[in-house]
Amino acid sequence: MAEAYIVAAARTAGGRRGGKLAGWHPADLAAQVIDALVARAGIDPAAVEDVILGCVSQVGEQATNIARNAVLASGLPESVPGTSVDRQCGSSQQALHFAAQAVMSGSMDAVIAGGVESMTRVPMFTPNALPAKAGLGTYMSPAMKRRYPGVEFSQFTGAEMIAKNYGIEKEALDRYALESHRRAMAGTREGAFDEEIVPIEILSADGTGSGERHAVDEGIRFDATLEGIAGVKLIAEGGRCTAATASQICDGASGVLVVNERGLKALGVKPLARIHHMSVMGHDPVIMLEAPLPATLHALKKAGMRIQDIDLYEVNEAFAPVPIAWLEALEADPARLNVNGGAIALGHPLGASGTKLMTTLIHALGRRGKRYGLQTMCEGGGMANVTIVERL
């Protein structure tokens with residue numbers, strides 16, 4: 001079977017809710033990243049055979065196949081199709097897996113995988129809230145209710161369950177959040193994100209360009225202190241998690257260009273990384289966010305690797321208990337985890353986070369001269385994708 005290579009990887013800088021990316025329609029925002037990938041690879045736009053985009057809230061401005069709409073808003077020709085993926089927070093990581101599978105099978109030679117989420121313009125939970133308000137029902141079917149009687153699936157509950165089950169106290173969560181901001185600050189000041197970020201013009205509410213470019217992740221708190229983080233109100237009374245130890249609401253888009261050997265030769269491009277392994281696993285949907293732990297163990301076994309073989313890891317910081325528990329379960333090195341900060345500081349634009357993390361991982365491997373990187377993230381419904389790449 002053919003190999004899958006990533007030849008370009010890019011993302012927008014994260015925008016806070018109502019912040020510097022709020023003026024962008026999500027289809028247009030995704031189109032900016034698509035065009036940047038084509039430009040960075042230096043290929044004919046018509047060579048792209050498909051665009052697969054992840055998006056969680058596929059309603060309103062993100063409805064009616066956001067991937068195809070992004071293609072039509074981009075410089076790609078109309079002949080390029082597009083399809084949208086929803087594996088919750090792992091949507092664009094799954095888009096990458098689908099793209100890799102397409103080029104490995106030989107059915108396609110060049111595919112863009114990515115994701116987009118405007119959490120300002122399409123707020124989280126909108127796909128559930130609007131139908132409920134209109135009396136159109138809920139995703140919870142009678143069969144699901146019989147299997148999980150009295151259960152209300154909640155990522156917030158899952159985060160608290162992980163913290164309790166792994167004995168992670170609030171102080172440890174606060175310290176972890178501060179370290180995320182410190183690493184993101186250091187990465188920004190050292191230029192770690194410069195090559196991966198696509199500068200985006202800041203638009204006003206009416207779509208008028210300001211002439212100013214957004215190129216620094218807006219969620220980083222450069223004045224963060226442990227005292228400030230510790231003082232944030234608990235999400236649930238008697239709990240351990242706060243908004244400061246959870247991922248930030250974020251607007252953003254990201255993407256990668258994936259090709260096989262035939263694509264490398266035909267397009268004359270050089271690979272940044274090779275897909276070494278990819279898998280996905282389902283787990284307990286009640287605790288929900290724990291899935292990356294068994295999924296990573298399963299992935300390493302299938303790949304014939306140990307965690308010590310992995311140079312850098314990106315584990316999405318949906319809530320601080322997740323990466324902390326992951327480190328414990330894997331007996332992994334904290335110094336290799338989210339080396340430039342994570343979603344607590346940089347933001348979590350839901351459907352865009354998968355290829356956002358992969359973009360950061362590939363560039364971090366390159367800057368540090370490292371070989372293997374692993375990416376995973378918790379997903380709604382109790383799932384987790386795992387991707388291992390080899391930098392070339």
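## Overall size and fold

With 392 residues, a compact globule would have a radius of gyration near 21 Å, and the protein chain agrees at 20 Å (taken over C-alpha atoms; the globule rule is 2.2 Å times the number of residues to the power 0.38). Those C-alpha atoms fill a box of roughly 60 × 50 × 50 Å along the principal axes.

This is a predicted model, where local features need pLDDT of at least 70 and side-chain atom pairs count only at 80 or more, while totals for chains, interfaces and linings use all residues. Residues are numbered from 1 along each chain as its sequence is written, and side-chain values use heavy atoms, leaving out hydrogens and water.

## A buried strand residue

N385 belongs to strand β12 (residues 383-391); strands are DSSP runs of E, at least two residues, numbered from the N terminus. At 0% relative accessible area, N385 is buried (under 20%; over 50% is exposed, in between is partly exposed, with a 1.4 Å probe and protein chains only). Leaving aside residues up to four places away in sequence, its contacts include R87, H97, S279 and E379 (heavy atoms within 4.5 Å).

Across the protein chain, 55% of the 392 residues count as buried.

## A partly exposed helix residue

F156 sits in helix α6 (residues 155-165); helices are DSSP runs of H or I, at least four residues. Its relative accessibility is 35%, so F156 counts as partly exposed.
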